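Here is a friendly walk through the model you have open. Keep the viewer handy as you read.

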Amino acid sequence: MSGNPFSLWVYLSQSPLLWLTVTLLVYAITDAISLATHRHALANPVFHSMWIIGAFLVLTGTSYTTYFAGAQFVHFLLGPATVALAVPLYENRKAAAAAILPMLAALVVGSVTAIVSVVLLAEAAGLPRAVVLSLAPKSVTAGVAMGISESLHADPSLTAVAVILTGIMGAMIVTPLMSRMGIRDFRARGFAVGIAAHGIGTARAFQVDAVAGVFAGIAMSLNALVTSLLVPLAVTLLVR
Amino acid sequence: MIASLCLILLCQLAGEVIVRGLGLPVPGPVLGLVFLLLLLLARDRFAALARGPLQQDGVENASRGLLAHLSLMFVPAGVGVVQKLDLVAEHGIAIAVVLATSVVVTLLVTVATFLVVSRLMVRGGNAP
């Protein structure tokens with residue numbers, strides 16, 4: 001029997017088991033609260049998990065690298081989940097094929113708007129050049145955005161944070177905004193949130209409406225393609 | 001279940017191999033999505049493909065299971081904010097305002113484009 005609880009903590013705090021458990025436990029609780037509040041926009045489980053776990057790491061003096069050794073098993077699933085988006089797309093292929101023209105138009109206009117608006121606003125706010133570059137790909141899913149950021153010699157970890165914040169804001173804003181604007185076409189609502197707020201927006205769209213979720217998934221996958229091509233171009237044209 | 005997950009991973013793997021091999025500017029999982037979609041469409045045409053995970057909703061159920069927990073998968077990357085606390089203290093408010101404004105503008109412009117084009121199509125379709 002160990003007489004020193006501190007040595008147990010030293011052992012556990014370095015093991016992936018603890019941090020994987022913390023990630024799943026905090027998410028399970030915040031997701032249950034989100035469900036209990038009928039998926040209220042302000043009860044976004046990603047947002048609340050993020051600050052609770054972040055505060056826990058800061059208070060216990062644990063490094064992000066140590067945390068990620070456990071959390072990487074969850075992070076890895078982002079890739080397979082992207083592939084899995086083929087299934088809702090397949091099941092709604094008729095609705096998707098019927099809306100191919102509005103989707104292509106909204107894709108091009110939406111991804112250009114997402115990049116140009118953030119670069120111009122960030123420059124107007126006087127943010128340093130490295131920050132502006134790191135924010136530029138914020139509307140695509142985390143893995144892709146970090147790759148773009150790397151190829152621009154920006155800061156991929158800042159990009160990841162900008163991506164998550166963008167997703168959370170989009171997921172929180174979309175339902176009240178669209179309802180206030182009187183937009184009832186769930187194809188258009190879903191597609192917009194998929195362009196603006198990638199996977200977190202798509203997860204939100206699936207909670208609100210199945211058709212919205214499908215269109216958000218299509219938008220998110222297509223945007224990953226278009227943004228990888230557009231960001232280097234936009235940066236050359238817009239950033240001083 | 002295992003076979004279905006395996007099929008999903010194989011699609012992703014094939015996507016990564018092709019993207020890396022040819023130096024395409026596309027993320028590997030997105031190409032994997034295209035492969036899985038083509039497999040599902042091919043299965044409807046060729047009965048010989050309907051076996052293993054491609055029958056009895058195997059890969060469909062596994063995918064629905066993954067997508068049901070899509071939000072969870074963003075948590076580890078989001079917690080990365082703890083590495084950027086000095087930047088947050090210095091520029092946090094400006095970054096938050098810039099991101100929020102850009103999200104609202106993008107949402108409105110995208111939804112408007114979608115609705116305008118789909119209305120033009122309906123009108124064009126009704127014309128003689």
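## Contacts and burial in chain A

In this predicted model, 66% of the contacts in chain A with a separation of 6 or more are between residues 24 or more positions apart. Buried residues make up 53% of the 240 residues in the chain.

## Domains of chain A

Chain A is divided into domain 1, residues 1-76, and domain 2, residues 81-240. Their C-alpha centres lie 27 Å apart. Seven residues from domain 1 of chain A and eight residues from domain 2 of chain A take part in the contact. On the domain 1 side, the residues that touch domain 2 of chain A are five nonpolar, one polar and one charged.

## The nonpolar core

The largest nonpolar core has 112 residues, and Ala86(A), Ile164(A) and Phe191(A) touch the most other members. Which helix of chain A gives the most to this core? That is α11 of chain A, residues 156-180, with 15 residues.

Leaving aside its neighbours within four places in sequence, Ala86(A) is in contact with Leu33(B), Leu36(B), Leu37(B) and Leu40(B).

## Where the two chains meet

How many residues of chain B are in contact with chain A? The count is 57 residues of chain B, in contact with 88 residues of chain A. On chain B, at least two residues each are supplied to this side by α1 (2-22), α2 (28-45), α3 (58-68), α4 (75-79) and α5 (85-126). The largest share, 22 residues, comes from α5(B). By class, the side of chain B that touches chain A has 40 nonpolar, 14 polar and three charged residues.

## A closer look at chain B

Two residues make handy landmarks. Leu9(B) has its place in helix α1 of chain B. Leu9(B) counts as partly exposed because it has 14 C-beta neighbours inside 10 Å. Leu9(B) and Gly32(B) are 23 residues apart in sequence, with their C-alpha atoms 8.5 Å apart in space.

Val122(B) lies in helix α5 of chain B. Is Val122(B) buried or exposed? With 10 C-beta neighbours inside 10 Å, Val122(B) counts as exposed, since the cut-off for that class is 12 or fewer. From Val122(B) to Gly21(B), the separation is 101 residues in sequence and 43 Å in space, C-alpha to C-alpha.

## Confidence in the prediction

The average pLDDT of chain B is 86, and 95% of the residues of chain B score at least 70. For the complex, the predictor gives an ipTM of 0.86 and a pTM of 0.84.

Terms used: Residues are numbered from 1 along each chain as its sequence is written. Chains are lettered from A and ligands numbered from 1 in the order in which they are written. This is a predicted model: local features need pLDDT of at least 70, side-chain atom pairs count only at pLDDT 80 or more; totals for chains, interfaces and linings use all residues. A residue is buried if 20 or more other C-beta atoms lie within 10 Å of its own, exposed if 12 or fewer, and partly exposed in between; C-beta atoms are placed from the backbone. Two residues are in contact if their C-beta atoms, placed from the backbone, lie within 7 Å. Helices (H or I, at least four residues) and strands (E, at least two) are DSSP runs, numbered from the N terminus. Ala, Val, Leu, Ile, Met, Phe, Trp, Tyr, Cys and Pro count as nonpolar, Asp, Glu, Lys and Arg as charged, and the others, Gly among them, as polar. pLDDT is the predictor's confidence in each residue, from 0 to 100. A nonpolar core is a set of buried Ala, Val, Leu, Ile, Met, Phe, Trp, Tyr and Cys residues joined through C-beta atoms within 7 Å. Domain bounds come from an automatic or database domain assignment.
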